[in-house]
Amino acid sequence: MKTLELKDQRKVEFKNTQLRYNLPNEVSYCVKCTMSNQRPRITFDEHGVCSACNYAVFKRTKIDWGMREKELIALLDKHRRNDGRYDVIVPCSGGKDAAYIAHELKHKYNMNPLTVTWAPHMYTDIGFQNIHQMERVGDLANVTMTPPGYTHRLLTRLSFEILGDPFQPFIYGQTNFPLQAAVTYGIPLVMYGENGEVEYGGDMKNAFSPTRNYKTDHKKHYFSGLGPEDLKEYGLTDNQLKPYMAPEMEALDKLGVELHFYGYYKKWVPQENFYYCVENTGFVANQGRSEGTYSKYASLDDKLDGFHYYLSYIKFGVGRCTSDTAHEIRDGHITREEGIALVKKFDGEFPAKYFQTFLEYCSIDEKYFNEVIDSWRSPHLWTKKGEEWFLHYNIFNEGLKQK
Ligand SMILES: [Zn+2]
């Protein structure tokens, strides 16, 4: 791979993660799941239960799913086309969730969906295989946008350094490319999967709304406050950033683009989406578990996935296994005790498999990688003993601060 040439070499500086993400000083854990209060924007009630667990109970007990399906059908009736044109966009990374939604929209609700993919940084074999299985076995149309590689690598490296998440360029594209496709193909309805803010703990403002507001929420919820346009100060041009940007608001308004969450209309259980896709879209899980967790069927498509989760572990003490177990506890698949044991075993495991690939992709060496990683470690979470870093708090020694 060609070496990246950056406008200026940045000196690594301490980032003050705690201030940046407004993280509470004392770490505490939800009494029902494994999530901590360090997940940005999550809230805990007076009984120590996190907003995601409260929403899960609400979802199980208070929602009339029959009524919600009627709402869905009314929405689809409004958008359904019978002239061969596509009538709903399903943003799709190649995973099980979008394949389930698109397949059900087509085969159960008689829609004509167009799945829209913003390509991963680098496909894994299994991710590549699954997306083609979805097209072939699931009988679904797909448009894939692959951004130009060199610019994408520059953005990835910048995001790793300044945002502490090499995944951000993917998130820009994943968020904005479906809007571009809506305008290009003249399809006003865009159907997302779950509302991550609500399902996994975050801003509960939209908990009872089927739609997502691209005008107000995108930058805050998906871009950590830093949009693609803000990267210009790092030497990127408007033209380079264009593929990552949303279309003009005027064009979206004129078409009447609406973003909806399938998880509002249908009960969202990732494990069931997985079984649905194995049966209907030829979805294949990994042979072994993903690094940092025990699961085999989520977020498999990109060789850089593991670094996104690893950075979350560094910044918030919340690794991939914490997120997976918290969700599976809420869905009733495992107990909190089982979740804690899994966290102890796998959370924060280093994504070694594609480490060399990542270094080469970003044109950095191991020493610089570690400097950047360490710049994101907040002293309220981490302490260094000799050459090794330790978290002060862990869910498996709850309440005890490790000195
Ligand atoms: Zn919880």
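User: Why is Arg41 called partly exposed?

Analyst: In this predicted model, Arg41 has a relative accessible area of 35%. Buried means under 20% and exposed means over 50%, so Arg41, at 35%, falls in between and is called partly exposed. Arg41 is found in the loop between H1 and helix H2 (51–61).

User: How do you know whether Asn16 is buried, partly exposed or exposed?

Analyst: The relative accessible area of Asn16 is 33%. The limits are under 20% for buried and over 50% for exposed; Asn16 is therefore partly exposed. Asn16 is found in the segment before helix H1 (17–21).

User: What makes Thr325 buried rather than exposed?

Analyst: Thr325 has a relative accessible area of 0%. Because buried means under 20%, Thr325 is classed as buried. Thr325 lies in helix H15 (residues 320–330). Not counting residues up to four places away in sequence, Thr325 touches Thr34, Tyr294, Ile334, Gly339, Leu342 and Val343.

User: Why is Asp230 called partly exposed, and where is Asp230 placed?

Analyst: The relative accessible area of Asp230 is 23%. Asp230 is placed in the loop between helix H9 (218–222) and helix H10 (238–241).

User: How do you know that the side chain of Asp230 makes a polar contact with Gly227?

Analyst: The side chain of Asp230 reaches the backbone nitrogen of Gly227 at 2.8 Å. A polar contact requires a pair of N or O atoms within 3.5 Å, so the value of 2.8 Å meets that limit. As a further distance, the C-alpha atoms of Asp230 and Leu241, eleven residues apart along the chain, are separated by 9.7 Å.

User: Why are H6 and H17 called roughly perpendicular?

Analyst: Helix H6 (residues 149–163) and helix H17 (residues 355–362) pack at an angle of about 105°, and their axes are 8 Å apart. Angles of 65 to 115 degrees count as roughly perpendicular, so this description applies to H6 and H17. On the H6 side the residues are His152, Arg153, Thr156, Arg157 and Phe160, which meet Phe358, Glu360, Tyr361 and Cys362 in H17.

User: Which residues touch the most other members of the largest nonpolar core?

Analyst: They are Leu105 and Phe369, in a core of 109 residues. Helix H7 (residues 168–185) gives the most to this core, with seven residues. The core draws at least three residues from each of domain 1 (17–60 + 302–397) and domain 2 (63–265). Leaving aside neighbours within four places in sequence, Leu105 is in contact with Leu76, Val88, Val90, Asn110, Met111, Met191 and Tyr262.

User: How many residues does each domain bring to the contact between domain 1 and domain 2?

Analyst: The C-alpha centres of domain 1 and domain 2 lie 25 Å apart. The contact takes 34 residues from domain 1 and 32 residues from domain 2.

Definitions and conventions
Residues are numbered from 1 along each chain as its sequence is written. This is a predicted model: local features need pLDDT of at least 70, side-chain atom pairs count only at pLDDT 80 or more; totals for chains, interfaces and linings use all residues. Side-chain values use heavy atoms; hydrogens and water are left out. A nonpolar core is a set of buried Ala, Val, Leu, Ile, Met, Phe, Trp, Tyr and Cys residues joined through side-chain atoms within 4.5 Å. Buried means under 20% relative accessible area, exposed over 50%, partly exposed in between (1.4 Å probe, protein chains only). Helices (H or I, at least four residues) and strands (E, at least two) are DSSP runs, numbered from the N terminus. Domain bounds come from an automatic or database domain assignment. Contact means heavy atoms within 4.5 Å. A polar contact is a pair of N or O atoms within 3.5 Å; within protein, one must be able to donate a hydrogen and the other to accept it, and residues adjacent in sequence count only if both atoms are side-chain atoms. Axes are lines fitted to C-alpha atoms, for helices over the stretch in contact, and angles run from 0 to 180 degrees between N-to-C directions. Angles under 35 degrees count as roughly parallel, over 145 as roughly antiparallel, 65 to 115 as roughly perpendicular and the rest as oblique.
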